Amino acid sequence: MRHNKKFNHLGRTASHRNAMLANMACSLIKHKRITTTVAKAKALKKFVEPLITKAKDDTTNSRRVVFRNLQDKYAVTELFKEISVKIADRPGGYTRIIKTGNRLGDNAEMCFIELVDYNENMAKEKVAKKATRTRRSKKAAATEAAPAAETSAPVAEAPAAEEAKAE
């Protein structure tokens, strides 16, 4: 019986699996996003998130623990100097898996795994323009806004002209 044995061995020996996960974690830390299979991404997520949590506390012991797992001093430096600062207030969930479809050769499920705080497209919050509701007609509102813009323009030009004279 194999009760409570949910660990994905990924078809590798323990030493090969540990080396592969360490290499993938270093690549993820250096490049912030890597492409891999879904099974490897899920295994990598369980491997790297405790290391990122450990990196929040910048002590000699935590650096040694992380280095013992990664075996790459450049990745450890990047993790402690840049990534830990950016994720300091995040209580977990440092990585995101985005499925991209199946690989052509063997039809394996492929995905991106990325650090959450480093994706600029997802980080931008969509700010909706506030629609002002008014009972007036749109033509009347446009004519009132046009004279207001004309009166503010000369005020803005005057300081610019004074700066040009100062130079």
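In the predicted model, helix 3 and helix 4 cross with right-handed geometry. The axes of helix 3 (residues 60-70) and helix 4 approach within 9 Å, at a crossing angle of roughly 135°; the two helices are therefore oblique to each other. Helix 3 contributes Ser62, Arg63, Val66, Phe67 and Leu70 to the contact, and helix 4 contributes Lys73, Ala75, Val76, Leu79 and Phe80. By class, seven of these residues are nonpolar, one is polar and two are charged.

Helix 4 (residues 73-86) also packs with helix 2 (residues 38-55), at an angle of about 85° and with the axes 9 Å apart. Because angles of 65 to 115 degrees count as roughly perpendicular, helix 2 and helix 4 are assigned to that class. On the side of helix 2, the contact is formed by Leu51, Ile52, Lys54 and Ala55, and on the side of helix 4 by Leu79, Phe80 and Ser84. This contact comprises five nonpolar residues, one polar residue and one charged residue.

The strands form an open sheet of three members in the order 1-3-2, with antiparallel pairing. Strand 1 (33-37) and strand 2 (95-102) lie at the edges, each pairing on one side only. From one strand to the next, the twist averages 25°. Strand 2 and strand 3 (residues 109-115) run antiparallel and are joined by seven bridges, with Thr95 opposite Leu115 of strand 3. Helix 1 (residues 14-31) packs on this sheet and touches strand 1, strand 2 and strand 3; the direction of helix 1 makes about 145° with that of strand 1.

Terms used
Residues are numbered from 1 along each chain as its sequence is written. This is a predicted model: local features need pLDDT of at least 70, side-chain atom pairs count only at pLDDT 80 or more; totals for chains, interfaces and linings use all residues. Side-chain values use heavy atoms; hydrogens and water are left out. Axes are lines fitted to C-alpha atoms, for helices over the stretch in contact, and angles run from 0 to 180 degrees between N-to-C directions. Helices (H or I, at least four residues) and strands (E, at least two) are DSSP runs, numbered from the N terminus. Angles under 35 degrees count as roughly parallel, over 145 as roughly antiparallel, 65 to 115 as roughly perpendicular and the rest as oblique. Contact means heavy atoms within 4.5 Å. Ala, Val, Leu, Ile, Met, Phe, Trp, Tyr, Cys and Pro count as nonpolar, Asp, Glu, Lys and Arg as charged, and the others, Gly among them, as polar. A crossing is left-handed if the near helix is turned anticlockwise from the far one by less than a right angle, and right-handed if clockwise. Two strands pair if DSSP finds at least two bridges between them.
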